[in-house]
Amino acid sequence: MEQKETPLTNSCSFAGIKPIMMDLPYPVIQVKGKNQAYANLLSNDYCGAVSEMTAITQYINNENRMSCEKCPLAKTILGIAMAEMIHLQKLGEMIFLLGGNICFTAKQSNGRQRMWTPEYLTIPGHITRMLYADIEAEKAAVNQYRMHIKMINDPYVNAVLERIIKDEEYHIMILQVLLKEEETGR
């Protein structure tokens, strides 16, 4: 007698998930004028090792691996990834306005260019290690944005970067709560 195979299903529904971000408006996306050096700095925030592209990909990978066993956690991770997508979009607009090119290539101060690569990702196997890696990545992003704000003399660009930092700090707080819950088994 032939056995029927029962398909495996992921019952975690992602309908209605919204970006997890501070409930604050973003400044209008504008720049003082074209500035290739500033566009190059932002290209690193867009698609460098510490970047929105890296964050999005890492979060989506983690969410995929969590969704079958930890649906509420996966939904939160997806909401954070969605906020990072908004950051990526805003950085892309500013790079374009500054005269840069959106080509998934980070421009270094020494003139070198490096295309985004999944080598930038941290992909641990255990959920607590995933959350630790996500927290560290958010902290690195905040530090990089602060460094870029010091290097950029454009109040419009810096206002957007400051607003992005607020979301990143909010993500750190949420991830720390999730990590504590995961470590204590709640």
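Mentor: Throughout, buried means under 20% relative accessible area, exposed means over 50%, and partly exposed lies in between, with a 1.4 Å probe and protein chains only. This is a predicted model, in which local features need pLDDT of at least 70 and side-chain atom pairs count only at pLDDT 80 or more, while totals for chains, interfaces and linings use all residues. Residues are numbered from 1 along each chain as its sequence is written, and side-chain values use heavy atoms, with hydrogens and water left out.

Trainee: Is Glu169 buried, exposed or partly exposed?

Mentor: The relative accessibility of Glu169 is 35%. Since that value lies between the limits of under 20% for buried and over 50% for exposed, Glu169 counts as partly exposed.

Trainee: Which residue forms a salt bridge with Glu169?

Mentor: A salt bridge here is a side-chain nitrogen of Lys or Arg within 4 Å of a carboxyl oxygen of Asp or Glu. The closest N and O atoms of the pair are 2.5 Å apart. Glu169 lies in helix H5 and its partner in helix H4 (residues 127-151), so the pair ties together parts that are 23 residues apart in sequence; helices are DSSP runs of H or I, at least four residues, numbered from the N terminus. The partner is Arg146.

Trainee: How many residues apart in sequence are the parts tied together by Lys70 and Glu182?

Mentor: The side chains of Lys70 and Glu182 meet in a salt bridge, with 3.0 Å from N to O. Lys70 lies in the loop between helix H2 (52-66) and H3, whereas Glu182 belongs to helix H5 (residues 155-184), so the separation in sequence is 112 residues.

Trainee: Which cysteine is joined to Cys12 by a disulfide?

Mentor: A disulfide is counted when a pair of cysteine sulfur atoms lies within 2.5 Å, and by this rule the count comes to one disulfide. The S to S distance in the bond of Cys12 is 2.0 Å. Cys12 lies in the segment before helix H1 (36-47) and its partner in helix H3 (residues 71-97), so the pair ties together parts that are 59 residues apart in sequence. The cysteine joined to Cys12 is Cys71.

Conventions: Helix = DSSP H or I, 4+ residues; strand = E, 2+ residues; numbered from the N terminus.
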